[in-house]
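Subject: Structure handover

Hello,

Here is the structure I said I would pass on. My notes follow below it.

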Amino acid sequence: MTNDTTDGWTGWRAATEAALYGPDGFYRRPEGPAGHFRTSVHASPLFAEAVARLLCRLDEALDRPARLDFVDMAAGRGELAGGVLAALPAEVNARTRVYAVEVADRPAALDHRIEWLSEPPKDITGLLFANEWLDNVPVEIAETDSSGLPRRVLVRRDGRERLGEPVAGAEAEWLDRWWPLPAEEGLRAEIGLPRDEAWASAVATVGRGLAVAVDYAHTASSRPLFGTLTGFREGRESAPVPDGSCDLTAHVALDACALPGGRVLTQRDALRALGIEGARPPLSLASTQPAEYVRALARAGQAAELTAAGGLGDFGWLIQPVGVDGLLVDGLFVDGLLVDVPDHEEQ
Ligand SMILES: C[S@@+](CC[C@H](N)C(=O)[O-])C[C@H]1O[C@@H](n2cnc3c(N)ncnc32)[C@H](O)[C@@H]1O
């Protein structure tokens, strides 16, 4: 973190940490994330159904362990944990322990079967799933100065910025490796090192199974020139001001987070492989089973939103197998995707 805190100037990492997770931080507010924006979890119950399906496939691949774990990492108000529990077949449900890992307090009305934790449990057998977590892991921002040198961006609580010291050490190495900045004044990059570390420590809690991170993402071939830091407040994008009044989010360099064996796919492809399609039901159903037709139409609309180009469908899924035979996981999930997915659609 920065050492320049004179007159309230600090790096974006410390400023974001305080604004989101400090005592009066944005994510500690009673309304929770759903009060300000919609994630895939809120967009449709189909998302939790797809995650439950993935958990069931993993259960088979793990030879149906006596205890199957599901960890909803960065759980918001536990909506995904609840949805997955509700969608599991009874036999799997009976063997599954569900954990919600969150900075905020446990919601009063949460299903008593969901264990609420501030850190992920250790040595799980099953699935750790992090939807829109890594984009909220605070990072430093670098900007090139007039001589083309990347410097740390300093910010005040009111959102004003100025340039600080040159980026050095492990952060400079990360930039060189993952997001090199051309020597042109004003270009910006988010230094994803804390996200790589956060992801590695979450993956380390999986003994056998899968860890999956889903987020707005970019890869080395498509880094944005001016970064992606933005704010969100009450459903609208806003200026990023680190005063606790808004979310502060920046897209994730998921390729940098990936550990050996990890794969990045689009949400569109991942959900398709898990049986979520946006196709409309046949019109003939409308005359034979009108109620079923209306239900199927609603599901198709929700599936279309979850898989939309230019929207949630473009999110990245980083899939990280741990302690399971690679072929086993491929057969389960990744090869299943490849069969259906033309090469050019893979990231
Ligand atoms: C954008 S919300 C996503 C909530 C939920 N996963 C969803 O998709 O609707 C990000 C959540 O991550 C939580 N969070 C961030 N860092 C965390 C950490 N290190 N441990 C636990 N929760 C964290 C925040 O408090 C916030 O509720």
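The exposed residues Gly169, Ala170, Glu173, Asp176 and Arg177 sit on the face of α6 that is turned away from its buried side. Buried here means 20 or more other C-beta atoms within 10 Å of the residue's own, exposed means 12 or fewer, and partly exposed is in between, with C-beta atoms placed from the backbone. Helices (H or I, at least four residues) and strands (E, at least two) are DSSP runs, numbered from the N terminus.

Two points on the source. This is a predicted model, in which local features need pLDDT of at least 70 and side-chain atom pairs count only at pLDDT 80 or more, while totals for chains, interfaces and linings use all residues. Residues are numbered from 1 along each chain as its sequence is written.

Back to α6, which covers residues 169–178 and has Glu171, Trp174 and Leu175 buried. These buried residues fall within an arc of 100° seen down the axis of α6, so they line one face of the helix. The arc is that of the directions from the helix axis to the C-beta atoms. An α-helix has 3.6 residues a turn, so residues three or four places apart point the same way. The cover over the buried residues of α6 includes β6 (140–144), β7 (150–155), β9 (188–191) and α7 (193–203).

β7 is largely enclosed by the rest of the structure, because 5 of its 6 residues are buried. Its pairings are as follows (two strands pair if DSSP finds at least two bridges between them):

- β1 (residues 10–11) runs antiparallel to β7, with 2 bridges; Thr10 has Val155 as its bridge partner.
- β6 is also antiparallel to β7, joined by 3 bridges, and Thr144 is partnered by Pro150. The hairpin of β6 and β7 has 5 residues between the strands, and Gly148 takes a positive phi near 90° there.
- β8 pairs with β7 in the antiparallel sense over 4 bridges, with Leu154 opposite Arg162. In the hairpin of β7 and β8, 5 residues lie between the strands, and Gly159 in the turn has a positive phi of about 95°.

β8 spans residues 161–166 and contains Glu165. Why does Glu165 count as exposed? Because Glu165 has 12 C-beta neighbours inside 10 Å. Leaving aside neighbours within four places in sequence, Glu165 is in contact (C-beta atoms, placed from the backbone, within 7 Å) with Arg151 and Arg152.

Regards

Technical notes: Two residues are in contact if their C-beta atoms, placed from the backbone, lie within 7 Å.
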